[in-house]
Amino acid sequence: MRSPRIPLTPLEAVTAGLLAGAVGTVCLDAVHYLKYRRAGGTDNPPAWEFAPVENWEKAPDPGQVAKRVVEGFTQRRLPDDSAWLTSTIAHWAYGSAAGAAYGILAGSLPRPSPAYGVPFGAAVFAGDYVALPIAGLYKPIWQYDAETLAWDLGAHIAYGTGTAIAFWLLSRLGTSAVCHRP
């Protein structure tokens with residue numbers, strides 16, 4: 001007979017979600033890396049993932065968002081030499097934070113399921129195409145070609161699926177192997 005699932009505590013759900021979001025970020029980056037290689041790129045995965053960002057004009061979108069937040073809060077300009085570190089931290093923090101939100105939501109359900117990853121990834125994709133055009137970092141979604149959107153949607157579905165599977169595994173481990181609560 002199967003024992004009933006002990007729900008995660010809120011702290012466990014957030015922690016598992018943070019870790020799962022990092023796994024999901026690896027999955028998203030794997031899709032983007034595949035696209036890079038198909039286009040003729042030759043860097044190995046670590047060199048590609050952690051490629052130098054020389055200045056803010058070349059910084060990816062997560063870095064641009066972080067720059068705006070930090071500069072708005074501190075009322076000081078960030079120097080170009082901080083573009084790489086800020087962009088890298090922002091990319092991984094965004095993926096992990098979205099995973100934490102997933103953890104709170106999925107952890108509150110009777111049975112988290114890896115199948116929830118597809119709609120979660122699609123929701124993150126849609127959110128990006130709402131928020132980033134407002135920030136002036138993306139064009140409106142209808143101005144992108146179908147191939148670009150398909151690759152980006154696929155990367156976000158990989159993110160959501162990786163996050164959901166990792167969360168599901170961590171929640172099973174956490175409740176049966178790690179968190180023996182009365």
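This is a predicted model: local features need pLDDT of at least 70, side-chain atom pairs count only at pLDDT 80 or more; totals for chains, interfaces and linings use all residues.
Let me start with helix α1, which covers residues 10-38. That's 29 residues, and from the first C-alpha to the last the helix reaches 42 Å. At 1.5 Å a residue you'd expect 42 Å, so to speak, and the model comes out close to that.

Which residues of α1 are buried? Quite a list: E12, A13, A16, G17, A20, G21, G24, T25, L28, D29, V31 and Y33. Then after α1 you get G40, and its phi is positive, near 105°.

The model has 10 aromatic pairs. One of them is Y33 with Y36: the ring centres are 5.8 Å apart and the planes sit at 35°, so we call the pair tilted. These two tyrosines are 3 residues apart in α1, which means about one helical turn separates them. Are they buried or exposed? Y33 has 14% relative accessibility, so it counts as buried. Y36 is at 23%, and that makes it partly exposed, because the buried class stops at under 20%.

Next pair: Y102 and F120. Here the centres are 4.8 Å apart with 45° between the planes, so this is a tilted pair too. What does this pair tie together? Y102 belongs to helix α4 and F120 to helix α5, residues 117-134, so the contact links parts that lie 18 residues apart in sequence.

While we're on rings, have a look at Y144. K139 lies over its face, 4.7 Å from the ring centre.

Last stop is the surface, and we're going back to α4. Which residues make the nonpolar patch here? F50, W84, L85 and I89, and together the patch comes to about 370 Å². L85 sits in helix α4, residues 83-107, the helix that also holds Y102.

Methods
Residues are numbered from 1 along each chain as its sequence is written. Side-chain values use heavy atoms; hydrogens and water are left out. Patches are made of residues with over 30% relative accessible area and no salt bridge: like charges are joined within 9 Å, nonpolar side chains (Val, Leu, Ile, Met, Phe, Trp, Tyr) within 5 Å. Accessible areas come from the Shrake-Rupley method with a 1.4 Å probe; for residues, only the protein chains shown count as cover. A salt bridge is a side-chain nitrogen of Lys or Arg within 4 Å of a carboxyl oxygen of Asp or Glu. Helices (H or I, at least four residues) and strands (E, at least two) are DSSP runs, numbered from the N terminus. The expected span of a helix is 1.5 Å times one less than its number of residues. Buried means under 20% relative accessible area, exposed over 50%, partly exposed in between (1.4 Å probe, protein chains only). Rings of Phe, Tyr and Trp (its six-membered ring) pair if their centres lie within 6.5 Å; planes under 30 degrees apart count as stacked, over 60 as edge-to-face and the rest as tilted. A charge sits over a ring if NZ of Lys or CZ of Arg is within 6 Å of the ring centre and within 35 degrees of the ring normal.
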